[in-house]
Amino acid sequence: LKHFVVWVDVPIEEVTHQKVSEYTDHLLDRRLKPKTINCHLQSIRGFYNYLYHEEGITVANPVKKGCALRVPKPLPRHLRDEQNITLFEVIERPRDRAIFKVMLRCGLRVEEVENLTLGAVELKRKRIFVHNGKGNKDRIVYISDDAHSALLEYLRVRPTSRSKNVFLVDKGSYRGKPISVRGIQKRI
């Protein structure tokens, strides 16, 4: 807040949104990160809210909602090979191991795994036809050797069901029904 008060060349009551935009440009010229600039803007917004609500000064807040800079989202960190091995060693159920191997090795999303049908899996050709994936697009993905063996292991013990989905709930009142997105997320 002190930086802003020292920088601004008009009285505090006369600061406009345009002036705040100029201050943002000034901070960008100083090569500050977007997160730091957003902290500056949040302090200024809080100060004007204080003036209005606590001090009773009728002044419009020059910091509009949504004027914050976009902060880049870092890519998720991947697991190292030894961490993958450790992860799969603790997964005991063949179904869960197959789900996670298919997601990890074939690049399927949770919803795609939920909707995966027996007819879409071609074990001999080691490929999966993903119907209505992200953006309602179809695609073919290839199955790695470890995902292939995990799928085979699960399909050998998969309970018989009328459902065409590959992955089923294995216990409780929903036994034999397709596993839901929430069910997969709980396993993760």
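**Figure 1. The largest pocket and the helices that line it.** Helix H4 (81-90) and helix H5 (94-106) each supply at least two residues of the lining of the largest pocket, where helices (H or I, at least four residues) and strands (E, at least two) are DSSP runs, numbered from the N terminus. The model shown is predicted, so local features need pLDDT of at least 70, side-chain atom pairs count only at pLDDT 80 or more, and totals for chains, interfaces and linings use all residues. Residues are numbered from 1 along each chain as its sequence is written, and side-chain values use heavy atoms, with hydrogens and water left out. The lining of this pocket is made up of Leu79, Asn84, Leu87, Phe88, Ile91, Phe100, Met103, Leu104, Arg187 and Ile188. On a 1 Å grid over the protein atoms alone, a pocket is an open set of points where a 1.4 Å probe fits, with protein on both sides within 12 Å along at least five of seven lines, and a lining residue has an atom within 4 Å of a point. The largest pocket holds about 210 Å³ of space, a volume being the space filled by probe spheres set on the points, which are joined across faces, edges and corners. Eight of its lining residues are nonpolar, one is polar and one is charged; here Ala, Val, Leu, Ile, Met, Phe, Trp, Tyr, Cys and Pro count as nonpolar, Asp, Glu, Lys and Arg as charged, and the others, Gly among them, as polar.

**Figure 2. The second largest pocket.** About 160 Å³ of space lies in the second largest pocket, and its lining consists of Val169, Tyr174, Lys177, Pro178, Ile179, Ser180, Arg182, Gly183, Lys186 and Arg187. When these lining residues are sorted by class, four are nonpolar, two are polar and four are charged.

Figure 3. Helix H3 (residues 34-53) has 20 residues and reaches 28 Å from its first C-alpha to its last, close to the 28 Å expected at 1.5 Å a residue, the expected span being 1.5 Å times one less than the number of residues. Its buried residues are Ile37, Asn38, His40, Leu41, Ile44, Tyr48 and Leu51. Buried means under 20% relative accessible area, exposed over 50%, and partly exposed in between (1.4 Å probe, protein chains only).

**Figure 4. The open sheet of three strands.** Three strands form an open sheet in the order S1-S2-S3, with antiparallel pairing. Strand S1 (121-122) and strand S3 (139-142) stand at the edges, each with a single partner strand, so one side of each is left without a neighbour in the sheet. S1 pairs with strand S2 (residues 127-130) over two bridges, whereas S2 and S3 pair over four bridges; two strands count as paired if DSSP finds at least two bridges between them. Valine 121 stands opposite isoleucine 128 in S2, glutamate 122 stands opposite arginine 127 in S2, and the bridge partner of valine 130 is arginine 139 in S3.

**Figure 5. Residues with a positive phi.** Most residues other than glycine have a negative phi. In the hairpin of S1 and S2, which has four residues between the strands, lysine 126 takes a positive phi near 55°. Asparagine 132, in the loop between S2 and S3, also has a positive phi, near 55°, and is partly exposed, with a relative accessible area of 40%. Arginine 31, in the loop between helix H2 (17-29) and H3, has a positive phi near 65° and counts as exposed at 77% relative accessibility.

**Figure 6. Two pairs of residues that are separated along the chain.** Histidine 148 lies in helix H7 (residues 145-157) and counts as buried at 14% relative accessibility. Histidine 148 and lysine 124 are 24 residues apart in sequence, and their C-alpha atoms are 9.6 Å apart in space. Arginine 93 lies in the loop between H4 and H5 and counts as partly exposed at 31% relative accessibility. The C-alpha atoms of arginine 93 and aspartate 170, which are 77 residues apart along the chain, are separated by 10.0 Å.
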